[in-house]
Number of protein chains: 2
Amino acid sequence: MNETIGFLLNDTARLFRRAFNARTKDSGITALQWRLITYLKRHEGIRQGPLAELIEVEPITLSRMVDRLVEAGLVERRADPADRRAWQLYLTPRAGALLNGMREMAEALTAEATEGLSAAEREQLIDLVERVRANLSRRICQKEKETA
Amino acid sequence: MNETIGFLLNDTARLFRRAFNARTKDSGITALQWRLITYLKRHEGIRQGPLAELIEVEPITLSRMVDRLVEAGLVERRADPADRRAWQLYLTPRAGALLNGMREMAEALTAEATEGLSAAEREQLIDLVERVRANLSRRICQKEKETA
DNA sequence: AGCATATAATAGCAACTGCTACTATATTCA
DNA sequence: TGAATATAGTAGCAGTTGCTATTATATGCT
């Protein structure tokens, strides 16, 4: 009732993260690192800036996530031949191996989290949250409107 | 489509937090601190452990959040006369003053975030996310089942 | 060519989060 | 009463996140 949707989302996301991390404790990879890797798999060679924009985090946040993944031997930074300021990001073979083991667990966790929801309700949940995300996302990018 | 509900929730919650914090930058209070204060307002005198359980964070997480709020002069720790290990938490008058100014902003932000959603859809969103949260919450507390 | 501006990435700082381990106090039970 | 156990809270460590400022390089304009 007096529960704000923002806090509700935050709580739920945190519980999700916690459950995910508890299941991957031994593999040494966290929920968010796994997510970054799944993005990277579909955009190999991407530079940090565009990747940060893609997942909507600040460049510095991505930079440090990449730091850890490089240190863990899962991601490789290669100098961009066209721009000496930039890095291109690539997965290592080790990351690919990890991905396969994770997918199953992630799907199982998603199933547990949405237990009791019908297929239609799951779709609706995703649809509604996506619309909220789009609203919030749009709001942030409105800084660069005035020059148009 | 291949967007996991967990990551979607996480993203949306993060964007929400970011938007909230951008609006309260000058007041020096963050989204999560505000949330803790709203809980505290309804449970003055509560001890840290029960409060942590209430908002489902680890005791140490709450402990450090309280540290910051005490330092900011918004919360007061008083020794529990019945248990010398425990603290009772109280809001300072300054916190009450802050609360009033925030509520309006929070409601406006919620309205922006749910723009384009009908009243029925908003209710459904909250209902669905609450059910997911309950699933995740239950799953964590299952450690202490076997002794029953 | 040379200067002004923009961009890619990072450094410092701080808040949020949780795991494990620990201290201090309380409770239970022999 | 005294030892074993449980509980309240905290310390250390590490990952995630973003703000502001900075460095290095690229681009645009004169």
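User: In which hand does H1(B) pass H5(B)?
Analyst: In this predicted model, H1(B) passes H5(B) in a right-handed crossing. Right-handed means that the near helix is turned clockwise from the far one by less than a right angle, and left-handed means anticlockwise. Helices here are DSSP runs (H or I, at least four residues), with strands (E) needing at least two, numbered from the N terminus.

User: Which residues make that contact?
Analyst: H1(B) brings Phe16(B), Ala19(B), Phe20(B) and Arg23(B), while H5(B) brings Met105(B), Leu109(B) and Ala113(B). Six of the contact residues are nonpolar, none is polar and one is charged. Contact requires C-beta atoms, placed from the backbone, within 7 Å. Nonpolar covers Ala, Val, Leu, Ile, Met, Phe, Trp, Tyr, Cys and Pro, charged covers Asp, Glu, Lys and Arg, and the others, Gly among them, are polar.

User: At what angle do the axes of H1(B) and H5(B) cross?
Analyst: They cross at roughly 140° and come within 11 Å. H1(B) and H5(B) are therefore oblique to each other. Axes are lines fitted to C-alpha atoms, for helices over the stretch in contact, with angles from 0 to 180 degrees between N-to-C directions. Under 35 degrees counts as roughly parallel, over 145 as roughly antiparallel, 65 to 115 as roughly perpendicular, and the rest as oblique.

User: And over in chain A, how do H2(A) and H5(A) cross?
Analyst: Helix H2 (residues 31-42) and helix H5 (residues 93-113) of chain A have axes that come within 11 Å and cross at roughly 115°. That makes H2(A) roughly perpendicular to H5(A). Their crossing is left-handed. Trp34(A), Ile37(A), Thr38(A) and Lys41(A) of H2(A) meet Ala95(A), Leu99(A) and Met102(A) of H5(A). This contact has five nonpolar residues, one polar and one charged.

User: A quick check on conventions: how are residues and chains labelled?
Analyst: Residues are numbered from 1 along each chain as its sequence is written, and chains are lettered from A and ligands numbered from 1 in the order in which they are written. Because the model is predicted, local features need pLDDT of at least 70 and side-chain atom pairs count only at pLDDT 80 or more, whereas totals for chains, interfaces and linings use all residues.

User: How many residues of chain B touch chain A?
Analyst: 40 residues of chain B are in contact with 40 residues of chain A. On chain B, helix H1 (5-23), helix H5 (93-113) and helix H6 (119-140) each supply at least two residues of that side. The largest share, 15 residues, comes from H6(B). This side of chain B has 19 nonpolar, ten polar and eleven charged residues.

User: What lies closest to DNA strand C?
Analyst: 26 residues surround DNA strand C, and the closest are Gln48(A), Gly49(A), Ser63(A), Ala86(A) and Val57(B). A residue is near a strand if its C-beta atom, placed from the backbone, lies within 6 Å of it. H4(B) gives the largest share, five residues.

User: And which element gives the most near DNA strand D?
Analyst: H4(A) does, with five residues. By class, the surface near DNA strand D has nine nonpolar, six polar and eleven charged residues.

Methods:
Two residues are in contact if their C-beta atoms, placed from the backbone, lie within 7 Å.
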